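Biologist: Hello! Could we walk through a structure together, one question at a time?

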Amino acid sequence: KKFGIKSPQNILEIGCGTGNHPRFLSKSGISLVAIDIDRQMVKIAQKKLSNLSNVKVIHTSVERLEAKGFDLVIAMFNIVTYLDDTNQLMQFMKGVARHLNNGGAFIFDCWNGVAAIKDPPKKLKKITLQQDGSFLKCNLISQTDFFNQKTKLNYDIRVKNGGRVEHGISSFDQTLWTPMQIKHAIFEAGLELVLCSPLMQPEKKASRKDW
């Protein structure tokens, strides 16, 4: 309302993962299409959301999605940061623009590459969780390549449930996009930058220190 954007009648979520955002948004009764490029994630989301008539989960990318005409597009939890290079970023933004109605909005979050380079991720972060008798321990090791604007996140996870112990390792890259690179892709796609703010602080203008 503050920026003159109408209340959405239909929503597209890019990178829906296992479907937690769509499940929350479905409570509004608004029609929602949720997409992801990970087939296994989509299977989990489809099963989780199968009883919701206003939600459709599809295995596809935004560039290949056939449905169009959305009032609101969202890509939350660093989806943009997973894009590998400038060409992917440009095609992604153009794909979003093609699916937006006039006057619609695109909301996304991503790392601020300038802040990440100035204050890099900690090399080692330890996380422990306990719930319902299960114990989870995660060591997160990060390696940052400043020249190529990449941070590799390496997760070493152990879960203990009773006498059973499961161990898994997962690694992926995050791209440290600078605000200028993001703005350029937005403008080239024909979109307008309305607001850039720190996470969970929409009334504040983001600075170079805000991650």
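This is a predicted model: local features need pLDDT of at least 70, side-chain atom pairs count only at pLDDT 80 or more; totals for chains, interfaces and linings use all residues.

Biologist: Which strand gives the most residues to the lining of the second largest pocket?

Modeller: This pocket has a volume of about 1300 Å³, and 40 residues line it. Several elements supply at least two lining residues each, among them helix H1, helix H3 and strand S9. The one that gives the most, with 3 residues, is S9.

Biologist: Is Asn78 buried or exposed?

Modeller: Asn78 is among the residues that lie nearest the centre of that pocket, and its place is in the loop between strand S4 and H3. Its relative accessible area is 15%. Buried means under 20%, so Asn78 counts as buried.

Biologist: How many residues apart in sequence are the parts that Lys6 and Asp71 tie together?

Modeller: Side chains of opposite charge can pair when their charged atoms come close. Lys6 and Asp71 form a salt bridge, with their closest N and O atoms 3.7 Å apart. Lys6 lies in the segment before S1 and Asp71 in strand S4, so the parts they tie together are separated in sequence by 65 residues.

Biologist: Which strand holds Lys152, the salt-bridge partner of Asp173?

Modeller: The side chains of these two meet at 3.2 Å, N to O. Asp173 lies in strand S9, and the pair ties together parts that are 21 residues apart in sequence. Lys152, for its part, lies in strand S8.

Methods:
Residues are numbered from 1 along each chain as its sequence is written. Side-chain values use heavy atoms; hydrogens and water are left out. On a 1 Å grid over the protein atoms alone, a cavity is a set of points where a 1.4 Å probe fits but cannot get out, and a pocket is an open set with protein on both sides within 12 Å along at least five of seven lines; lining residues have an atom within 4 Å of a point. Grid points are joined across faces, edges and corners, and a volume is the space filled by probe spheres set on the points. Helices (H or I, at least four residues) and strands (E, at least two) are DSSP runs, numbered from the N terminus. Buried means under 20% relative accessible area, exposed over 50%, partly exposed in between (1.4 Å probe, protein chains only). A salt bridge is a side-chain nitrogen of Lys or Arg within 4 Å of a carboxyl oxygen of Asp or Glu.
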